[in-house]
Amino acid sequence: PAPRGPDGKPDLTGVWNGTVSVPPFDPANAQPWVIDLARQRQHDYYRARPSYQCLPSGPEADRFGGWKRLLQTPTALAILNDDLTYRVIFMDGRELETNPAPSWMGYSVGRWDGDTLIVDSAGFNDKTWLSQRGLPHSEALRVRERYRRVDVGHLQVEVTFTDPATYAKPWGFTANMALAADTDLLESVCERSSVH
C-alpha cells in the first residue's frame, strides 16, 4: 500500500519518473487560430518551444513525465524538476486566487478528496505551450490535476486543461509515474547557443 504521512493522507514524497504523455487532441475542439498557430510552429520545427529557448515549460503536457522530486509537508507540496524549475502547491486551505499575476509555472492550491490530491492552478502567462506539438493557451487557462498514489511504487496524475478562450471544452490526459527509490535527480542545465 501507499505510505501515509502523519495526517493519514498518502505521502507523495519521493523521486518519480514517468513517460512523456502526448495527450489526445481533437482539432474540432480548438479555435481556428489555434490550429493555424500550431501548424506554423510545426513548419518552424518547433524552434519557439520554451524549453528550446531555455525558458520554463509551464503546464506543457510532457512536463508531467520525466524526472521530478516531490516534497510533501502538511501545508505545501513542492515539485522540483530536473531542469531546475519548481512549483509550490499551497495546501494550507487557501482558495485559488481569482486573478494571480501571470507567471511561467502558475499559481497552485491543493486539497485532499479522500486519498486523491486535487490541485487547481491558474495564473499562467501565455508564453508556454500545452503540448510539444505547439498547442497554445491564453492567460485564462485553468489546470486541474488529480494525484493518486496507487501503491508504494506508482503515482497516477490525471490532468485537465480548461481554457474557454482557446478550446471549446476541457481536455486532458493521464500520466503514470514510477517511484525511483534508489536514485537521485541530476540537474539538466539548458545551454543555448546561436548555432542551434
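Residues are called buried under 20% relative accessible area, exposed over 50% and partly exposed in between (1.4 Å probe, protein chains only). The model described here is predicted, so local features need pLDDT of at least 70 and side-chain atom pairs count only at pLDDT 80 or more, while totals for chains, interfaces and linings use all residues. Numbering runs from 1 along each chain as its sequence is written, and side-chain values use heavy atoms, with hydrogens and water left out.

The structure holds 8 of them, each being a side-chain nitrogen of Lys or Arg within 4 Å of a carboxyl oxygen of Asp or Glu. One joins Asp36 to Arg39, with the closest N and O atoms 3.5 Å apart; both residues sit in helix H1, 3 residues apart, about one turn of the helix. Helices (H or I, at least four residues) and strands (E, at least two) are DSSP runs, numbered from the N terminus. Asp36 is partly exposed at 47% relative accessibility, and Arg39 is partly exposed at 41%. Another salt bridge links Arg69 and Asp184, whose closest N and O atoms are 2.2 Å apart. Because Arg69 belongs to strand S2 and Asp184 to the segment after strand S9 (171–179), this pair ties together parts that are 115 residues apart in sequence. Arg69 is partly exposed at 24%, as is Asp184 at 47%.

On a 1 Å grid over the protein atoms alone, a cavity is a set of points where a 1.4 Å probe fits but cannot get out, whereas a pocket is an open set with protein on both sides within 12 Å along at least five of seven lines; lining residues have an atom within 4 Å of a point. Grid points are joined across faces, edges and corners, and a volume is the space filled by probe spheres set on the points.

The whole structure contains 1 cavity of 30 Å³ or more, and the largest cavity has a volume of about 200 Å³. Its lining comprises 17 residues, with Arg63, Phe64, Arg87, Glu145 and Tyr147 nearest the centre. Strand S7 (142–151) is among the elements giving two or more residues to this lining, and S7 gives the most, with 3 residues.

The largest pocket holds about 350 Å³ of space. Of the 19 residues lining this pocket, Ser51, Ser57, Arg63, Asp83 and Ser188 lie nearest its centre.
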